[in-house]
Amino acid sequence: MTLQATGISKKYYRPTKTASHFEAVKPLGFTLEEGKLTEITGRSGSGKSTLLYMLAGLLKPSAGSVVLDGKDLYSLGDEELSRLRNEKFGVIPQGQTGLFALTVLQNVLAPVAIYGDTKKYEEKARELLELVGISELAESKMTELSGGEMRRMSIARALIMNPDIIFADEPTDDLDDENTKAVLEFLQKTAHSGKSVLLVTHEASAADYADKIFRMDAGVLTLL
């Protein structure tokens, strides 16, 4: 499954003395390949997260197209795009995310609850929690988890629907060295199992795990 962006850019209305718009991502083309961990690195504010969310169908580009196997994401209706994202994409968002009223297991099952029967996926959810090393926390609340454990929960949640493409936005931010290594190894293993993984990070050690590396500076993407 190939995801390809053509001529995409993102502008925000932000009038100043010299311009009326701020171009967070300048026009670019991008192809995300199967079986590879693709990294986009760069400083905070360079546009890398904006690009990730456009590719993930979560932020409409100002121009250009994002095509998945012949379907232009942003030509789809809201319901069709929502279902496609739910079935094909797994997103690991930046920061410590989760519904604090739910248990860890219930959080992992949240994407299933939108369209399916969570009972059918409970065994798989527990297997994923085992895979990321926090199976003993399945019935714990989010308030009982460390930052690293929350990040591992978000990885399990991103994988519950067996997506073809994983988008990871700064998944190691604020983690210690041990947890950073565990997360990066897991993403690499996931990519090499046949998935497409896009990793946005400023973590220097991530380069050791990536198959392809891009750098983003002021909205301009360059292959390293």
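## Lysine 10 and its surroundings

A polar atom of the lysine 10 side chain lies 2.7 Å from the backbone oxygen of lysine 60. The model is predicted: local features need pLDDT of at least 70 and side-chain atom pairs count only at pLDDT 80 or more, while totals for chains, interfaces and linings use all residues. Residues are numbered from 1 along each chain as its sequence is written, and side-chain values use heavy atoms, with hydrogens and water left out.

Lysine 10 counts as buried because its relative accessibility is 11% (buried means under 20% relative accessible area, with a 1.4 Å probe and protein chains only). Beyond its neighbours within four places in sequence, lysine 10 is in contact (heavy atoms within 4.5 Å) with residues including Phe22, Val25, Thr50, Met54, Leu59 and Lys60. Glutamate 139 is 129 residues away along the chain, and its C-alpha atom is 41 Å from that of lysine 10.

## The sheet

Lysine 10 sits in strand β1, residues 3-13 (strands are DSSP runs of E, at least two residues; helices are runs of H or I, at least four; both are numbered from the N terminus). An open sheet of 4 strands has the order β2-β1-β4-β5, with antiparallel pairing (two strands pair if DSSP finds at least two bridges between them). Strands β2 (21-32) and β5 (71-72) are at the edges with a single partner strand each, so one side of each has no neighbour in the sheet.

Strand β4 (residues 63-68) and β5 run antiparallel and are joined by 2 bridges. Valine 67 has aspartate 72 in β5 as its bridge partner.

How values were computed. Buried means under 20% relative accessible area, exposed over 50%, partly exposed in between (1.4 Å probe, protein chains only). A polar contact is a pair of N or O atoms within 3.5 Å; within protein, one must be able to donate a hydrogen and the other to accept it, and residues adjacent in sequence count only if both atoms are side-chain atoms.
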